Amino acid sequence: MNNNVLDCRGLTVRFGGVLALNALDLEVGRGEILGLIGPNGSGKTTLFNVVSGVYRSDGGSIQFDGEAVTRLSPQALCRRGLARTFQRSRLCLSLSVFDNVVLGAYRRINSGVVHNMFRRRAFADELKLYVEKCGELLAIFNPQLTTRLFDPAISLGMIDRRRVEICRALIGQPKLLLLDEPSAGMTQDETSQLMRELIAVRRQLGSLTIVIIEHEMGVIEQVTDRCVVLNYGRKICEGRFAEVATDPVVREAYLGRAYTKSPVGPA
Amino acid sequence: MTSAQRAAPWPAIIAAFVFAGMLAAVAAIDNQRLVIALLCVFAVVWMAAMRLGVLARVERSAGQYPHALRGAILLAALAAVALLHEDNFGLLMIATVLLYATCCIGLTIQLGYAGLSNFGAAGFVGTGAYAAAVFNWLPWLPDPLVLVGAGLITVIVGSLLLLPVLRTRGHYAALTTLAFGIMFGVFVDATPVLGGPQGLKLAGITLLGWDFSNDIRVANFVISFYANYVLLALAIFALAIFIASRLDRSWLGIWLDSVRLDETASAVFGVNIGWWKILAFTAGNFLAGLAGATYAQMMGFIAPNNFTLADSLMLVSAVILGGIGNRWGALPATAILVLLPEKLQFIQEYRLLLFAIVVVVILMASPAGLVPRRIRRLEPGVVA
Amino acid sequence: MDIVAQHLLNGLMQGTVYGLVAMGFTLFFGVMNIIKFSHGDVLTLGAFGALVAAGLLESAGLGAWPQILAMFAAAVAVTAISGTEIARFFVLPLRHSPTLNILLLTMMLGTIIRECLRLFFPNGGNPQRFPALLPPGGISFGRVFVRYDGIILLAVGIALIAFVQWVITRTRFGLAVRAVAEDEETARTMGMNFTRVVRLTFALGSGTAGVAGVMYGLYYSEINYAMGVLLAVIGFSAAIVGGLGNMWGAIIGGYLFAGLQTIAVAIAPAASEYKTFFAFLVVIMVITWRPTGLLAERRSERV
């Protein structure tokens, strides 16, 4: 049995004349936390978008848990156990926290018209169940959120909104979680706290594979098992963070040739 | 639930009676100056209620005691009918307001819940009306079937537009229903078999053997036969509220909202966007057709110029003015839009102009409408 | 064959009017991402203004050509000013509102203009006779009769289309319009006076409609207070079918709509009242096939 949750081969994405992903090969092993790093515009979010079905690939193949899923719709991928967050926060701000989180459980909830409109007692039971689930999940990140379950999402601060987005991705019990810059806009302390919460959640939820896009190297170092570095849509390096951080090709990608004439010691 | 949030049933009950009373009063009084004075009083009362947080209390109460609210509305309606028992025109107008509000609720489901723009609503109402008129040629068809059948025909006609509605967004989507509204008007005007510009006549309703052209007699009390239509319209309005509220206060409401607010995020979490848009579009069209058919049979006569672009715009305006997404807001909004021009005869000529000015003012001052939609609180124990 | 040619000329005339209206819609959308539905009623306002101007000049004893010039001048002035002021007071402040609000707002503004014309213009509720100022008669090509005024108006219309195209594609102002249409913020950062560009764009688009209104009046010899409604819906449809923001799209859309109406009338003369029905039906089908219009660029949202 294939031990990779995600397997991308020769993945190519073009935007007009721009090659966002250039025949990319990428594997994500079951249960690992993979860091995805690279300079701006190197194709990290594009990769997430293609894998989650939001963009169509122009070439190559994607296998999810051994099954070919290239060109499937976002809904089909969600059904197979994929969940993600977005680089730019995508919460429905005029809806309550609960409404936002429970969206992540869409595939598990009974959306039959008759059930929802007429079988009110069954609906009430299901509602109670999910209110509890939401509360438990949010409590791992911030216990205060459980009292604000029915407040509008817009009344939450930035970090809490991030937490809500992550909970939205987690409540459906996905196999693979794609996190796109979860710590953007946060201070160092807030970021460390979020990462601790994330690790705690993963411990609770059992086997969950995570891919994190980050610019904050401290996060990558602290949390990931392995890293992949992209540049101009290609993979230029992979390995443990310590190895990747000192790789001259990686330094050149970030700092340019002028600064990589002589290798600098470990940070 | 904290004690601060646990409300009493009284605010909702009182509000129902007060509103019914206001409606009946405006419908009954003929003297224009008195009507204007009354309206000023109501406006002041309304604004005071908003300031003092009374409306919030009423909404909380209504949310927690739906059965009390329904009972109160029924009793209040019956009281209003009894009050207006001789006033044919007043009863007719109340029935019209209720049917109009039903169309607005259908539009709320499409627009306020699912985010589908519909600038041809009058075309759907008209489809229901003309369907009823055509069914009129089959006198053996019982009226309940006529009404439901008209709703279904409207759904079928609407389903022809599903493909463009689902594939387009924004302004391009607006064109689809806008064009349909115009097409409907042109079609019925040009087709002689549908009466052309002259329109069609219909017989009144007979439900379960009771002919609606009979006055209601209770002991020695005689109530004009239009009360039959008021009660039917009330039942249809109640059905509309039922559909809208069950949709909204369930998982479906959340899915509809998320489709409206963010299609990409919804898709990523598995939401079948097309299916929910179809549901909302269909439900709204059914209500429009049902209301249109009832209206047609009540009036006894329909013509193409009952269902013009201006009427579509009036419906959309009522939905926006009542607070977009607020299903109860349709009622006061339509009450104002329907009753005022009728009651204030001197503004009849200027009604469209005044109406347009009011809409412009409100859109500029309060874009979310007069009564904004409350956030959904699906707290366990509060589910109706 | 002669009937076909007759229809063809009628269609060309209609198409030019629709195209001019559609150009306005697309210009406004391009520069501000909004649809200004009062455009049709502004056109009507201009036509009524032209009527007044002609009347004044006629009582002053001036001949046909001064009257015609005055009509066009008055219409352009009235539409340019009213279009710009509507933009300034109602549309600019609300341009970040939801689509629906702006559509409804501008539709209502149009209604206000229309009702004011109906209520306050002398005998406004009835069709107004437009003076027949262009040379009457025409030339016969075999059995096809081509009106002189038709030729003149067609020439004027096409010249105007060409002029607007030239302004947009070959002048600095046009460049500014296109820059603002592409990206408001960047254009502002580059030093363009956003408000001024917007105002001038509205003046250009509305003025174009003014000419269209006078053309319509001169060709059909009458105008009425409600003529703007259907023209606006058709112009809007034409702009959408062509692809909002694309000038050529608007022009093609206009001629397409007129062409559809012409085909309907030519094929089934007995059922000519259905021509608009048929044309809209095809429009809906085109939109279903190409949800962003025939010529529009596909815009993608940054996810």
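**Helix 11 of chain B**

Modeller: In helix 11 of chain B, the buried residues are B:Trp251, B:Leu252, B:Gly253, B:Ile254, B:Trp255, B:Leu256, B:Asp257, B:Ser258 and B:Val259. Buried means under 20% relative accessible area, exposed over 50% and partly exposed in between, with a 1.4 Å probe and protein chains only. Helices (H or I, at least four residues) and strands (E, at least two) are DSSP runs, numbered from the N terminus. This is a predicted model, in which local features need pLDDT of at least 70 and side-chain atom pairs count only at pLDDT 80 or more, while totals for chains, interfaces and linings use all residues. Residues are numbered from 1 along each chain as its sequence is written, chains are lettered from A and ligands numbered from 1 in the order in which they are written, and side-chain values use heavy atoms, leaving out hydrogens and water.

Biologist: What is found at the start of helix 11 of chain B?

Modeller: There, a side-chain oxygen of B:Ser250 comes to within 3.1 Å of the backbone nitrogen of B:Leu252. This is a polar contact, a pair of N or O atoms within 3.5 Å; within protein, one must be able to donate a hydrogen and the other to accept it, and residues adjacent in sequence count only if both atoms are side-chain atoms.

Biologist: Which residues is A:Asp99 in contact with, leaving aside its neighbours within four places in sequence?

Modeller: They are B:Ile254 and B:Arg376, where contact means heavy atoms within 4.5 Å. The side chains of A:Asp99 and B:Arg376 are joined by a polar contact of 2.7 Å.

Biologist: Is A:Asp99 buried or exposed?

Modeller: A:Asp99 counts as buried because its relative accessibility is 1%. This residue is located in helix 3 (residues 97-102) of chain A.

Biologist: Turning to B:Gln297, in which helix is it found?

Modeller: B:Gln297 belongs to helix 13 (residues 273-299) of chain B. With 2% relative accessibility, B:Gln297 is counted as buried. A polar atom of the B:Gln297 side chain lies 3.4 Å from the backbone oxygen of B:Ala203. Apart from neighbours within four places in sequence, B:Gln297 has contacts that include B:Asp143, B:Leu202, B:Ala203 and B:Tyr229.

Biologist: What is seen at the start of helix 10 of chain A?

Modeller: A side-chain oxygen of A:Asp247 reaches to within 2.8 Å of the backbone nitrogen of A:Val249, at the start of this helix (residues 248-255). A:Gly256 follows helix 10 of chain A and has a positive phi, near 90°.

Biologist: Now the whole chain: how many helices and strands does chain A have?

Modeller: Chain A has 10 helices and 10 strands. Its radius of gyration is 20 Å, close to the 18 Å that the globule rule gives for 267 residues, so chain A is as compact as a globular protein of that length. That radius is taken over C-alpha atoms, and the rule is 2.2 Å times the number of residues to the power 0.38. Of the 267 residues of chain A, 53% are buried.

Biologist: And what is the secondary structure of chain C?

Modeller: Chain C contains 11 helices and 4 strands. For its 303 residues the globule rule gives 19 Å, and the radius of gyration is close to that at 19 Å, so chain C is as compact as a globular protein of that length. Buried residues make up 55% of the 303 in chain C. Along the principal axes, its C-alpha atoms fill a box of roughly 60 × 45 × 40 Å.
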